[in-house]
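This report looks at one residue in a loop, at one helix and at a pair of helices. Please have the sequence and the model open while reading.

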Amino acid sequence: MENNTVNKEQLKKALEIVKPGLASKEQIEQSTSFAFIKGRVVTYNDEVSLSHPVPGLDLTGAILADNLYKFLHNLKKDTLVMELVENEVILHSGGAKAGLLLQAEIKLPLQKEIGRPKDWVKIPEHLIEGINFCMTSCGKDMSRPKLTCVHVNQEGFVQGSDSYRIAHYDVGEKIPVPTFLLPATSAIEVVKLKPIEMTKGKSWIHFRTEEDTMISCRLLNDTYPSTEGFFKDKGVRVIFPKITEDILKRAQVFSKREHLLDESVHIKMGKGRFMMKSRCDTGWFREQIIAKYKGDIIEFDITPYLLKGILAETREFKYDVDRLVFRGERWYYVSMLRISKK
């Protein structure tokens with residue numbers, strides 16, 4: 001390796017993009033490191049692997065992620081010179097200089113597990129939107145692993161459910177790869193990247209962005225349960241108050257969690273009242289207003305950003321016996337309810 005001069009911001013951006021592929025603990029060798037291979041930086045943690053190109057970088061090997069990432073964030077200069085000296089990469093930036101241990105041999109099981117994705121196809125226009133809509137309805141109970149996944153069906157629809165709520169989204173066209181179950185925790189990272197192409201391997205699904213970022217996600221090999229019969233559009237018509245979105249903005253301040261899937265607000269309405277509550281480790285929120293709906297008291301929990309998306313299209317829903325049903329142009333959302341006559 002000759003001395004490399006790279007743009008600090010481009011390298012830092014690449015590391016930030018692939019950072020979700022790092023493991024919190026090194027149960028797999030080099031899974032807490034950034035691997036540099038053929039002008040790209042790569043991460044792998046057995047569930048997802050990400051890679052992104054770094055212009056001008058000619059380096060092969062793995063560097064422990066934490067020190068490299070922190071060092072770059074504290075540099076003032078725009079350029080960074082990288083020099084290989086024996087088993088170290090020496091980083092020069094202005095008067096700052098640091099040496100980081102380089103493992104020359106890449107030990108991540110990239111070829112064995114992921115291989116070289118090929119036969120890329122264009123992602124349907126509404127697929128990522130559908131994954132985004134459905135992923136927060138997935139469960140977290142690993143004793144029922146299929147319900148922790150987003151169900152992407154080749155026939156052209158996406159679903160997510162934890163058995164208490166179900167989200168269904170019609171993509172509007174067939175999916176150009178076979179049906180797959182994508183863990184919701186991986187789906188979050190896919191949605192963030194806004195990919196434009198995809199391809200499916202035996203145990204992995206691969207996505208690629210316009211900037212040539214690639215994310216590979218391990219799939220669950222299982223069959224999704226049928227949701228037929230849950231989306232019957234009948235029941236009592238209910239309309240959210242006009243200021244629900246404003247109340248939601250206030251509630252979201254106190255619903256923040258480290259992971260998006262853990263965020264929730266609680267809604268209770270009936271007998272002429274509407275109430276929204278949320279809670280976090282450092283505080284809580286509650287707001288109640290007078291509402292037009294005077295029927296039975298109904299209560300449910302929902303992810304804030306999902307509710308925001310629903311409200312952008314409709315404030316109307318129906319409840320029937322034990323469930324609440326929202327319906328949009330492309331989607332359904334069902335929540336099982338607690339209903340009280342009191």
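Which residues does Asp162 touch, not counting residues up to four places away in sequence?

## Basis of the model

The model is predicted, so local features need pLDDT of at least 70 and side-chain atom pairs count only at pLDDT 80 or more, while totals for chains, interfaces and linings use all residues. Residues are numbered from 1 along each chain as its sequence is written, and side-chain values use heavy atoms, with hydrogens and water left out.

## Asp162 and its surroundings

With residues up to four places away in sequence set aside, Asp162 touches Ser137, Cys138, Gly139, Arg144 and Leu147, where contact means heavy atoms within 4.5 Å. Asp162 is placed in the loop between β11 (157–161) and β12 (165–170), strands being DSSP runs of E with at least two residues and helices runs of H or I with at least four, numbered from the N terminus.

Asp162 has a relative accessible area of 14% and is therefore buried (under 20% relative accessible area, with a 1.4 Å probe and protein chains only). A polar atom of the Asp162 side chain lies 2.9 Å from the backbone nitrogen of Arg165.

## Helix α4

Because 6 of the 8 residues of helix α4 (residues 127–134) are buried, this helix is largely enclosed by the rest of the structure. The buried residues in α4 are Leu127, Ile128, Gly130, Ile131, Phe133 and Cys134.

## Helices α1 and α2

In α1, Lys8, Leu11, Lys12, Leu15 and Glu16 meet Leu68, Tyr69, Leu72 and His73 of α2. The residues of this contact divide into 5 nonpolar, 1 polar and 3 charged (Ala, Val, Leu, Ile, Met, Phe, Trp, Tyr, Cys and Pro count as nonpolar, Asp, Glu, Lys and Arg as charged, and the others, Gly among them, as polar).

Technical notes. Buried means under 20% relative accessible area, exposed over 50%, partly exposed in between (1.4 Å probe, protein chains only). A polar contact is a pair of N or O atoms within 3.5 Å; within protein, one must be able to donate a hydrogen and the other to accept it, and residues adjacent in sequence count only if both atoms are side-chain atoms.
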